[in-house]
Amino acid sequence: MLFLTSSAEMERLTIFVTIFCVLFVYSEASCWSERTGNGYYCTFGNMILTKGRTYFSETAPNCFKCTCSDDAYQLNCCGVGNTINRIPDNCQIKQVGCNQVAVSKADPSKPCKGPVGGVV
């Protein structure tokens, strides 16, 4: 059984649970495949990926991970990160790496208070 001894502990637990829920619910995981391989390697733009090799793009806001299949005929890619599409008027969107975070307009160091919608 969990016993919280102070309001500070309860506040920390509430913040942790809130952040976890936002990240879990609003993670975007769109995937696609391309037949770009020739049996020896896959191509992605001007890059060559050998069998089983993975390329990770961290260029926000379009972050993704692509892997050349073990038979080197298929390039399998998935988007990573999250996208926020609805926030209250008193909030703004801040890009942090591949993820978007809703923060207060009055104090961008604090999280947004209110409902936040995202693309799943």
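This is a predicted model: local features need pLDDT of at least 70, side-chain atom pairs count only at pLDDT 80 or more; totals for chains, interfaces and linings use all residues.
Figure 1. The stretch to treat with care is residues 13-28, where the pLDDT is below 50. Even so, beyond near neighbours in sequence, that stretch has 22 contacts in the model.

Figure 2. Zoom in on Tyr40 and you'll find yourself in the loop between strand 1 (31-34) and strand 2 (41-44). Tyr40 has a relative accessible area of 65%, so Tyr40 counts as exposed.

**Figure 3. Who pairs with whom among the cysteines.** A quick reminder before the close-ups: a disulfide is a covalent bond between the sulfur atoms of two cysteines. This structure holds five disulfides. Count the bonded cysteines in sequence order, and the pairing reads 1-7, 2-5, 3-9, 4-6, 8-10.

**Figure 4. The disulfide between Cys42 and Cys68.** Here the two sulfur atoms sit 2.2 Å apart. The torsion about the S-S bond is about 70 degrees, so this disulfide is right-handed. Cys42 belongs to strand 2 and Cys68 to strand 5 (residues 64-68), so the bond links distant parts of the chain, 26 residues apart. Are these two cysteines buried or exposed? Both Cys42 and Cys68 are buried.

**Figure 5. The disulfide between Cys63 and Cys98.** In this pair the S to S distance is 2.1 Å. The torsion about the S-S bond is about -90 degrees, which means the disulfide is left-handed. Look for Cys63 in the loop between strand 4 (54-57) and strand 5, and for Cys98 in the loop between strand 8 (91-96) and strand 9 (99-104). Because the two cysteines lie in those loops, the pair ties together parts that are 35 residues apart in sequence. Cys63 is buried, and Cys98 is buried too.

**Figure 6. The disulfide between Cys66 and Cys77.** The sulfur atoms of this pair are 2.0 Å apart. What is the handedness of the disulfide between Cys66 and Cys77? With a torsion of about 115 degrees about the S-S bond, the disulfide is right-handed. Cys66 is part of strand 5, while Cys77 is part of strand 6 (residues 75-79). The pair links distant parts of the chain, eleven residues apart.

Note on methods:
Residues are numbered from 1 along each chain as its sequence is written. Side-chain values use heavy atoms; hydrogens and water are left out. pLDDT is the predictor's confidence in each residue, from 0 to 100. Contact means heavy atoms within 4.5 Å. Helices (H or I, at least four residues) and strands (E, at least two) are DSSP runs, numbered from the N terminus. Buried means under 20% relative accessible area, exposed over 50%, partly exposed in between (1.4 Å probe, protein chains only). A disulfide is a pair of cysteine sulfur atoms within 2.5 Å.
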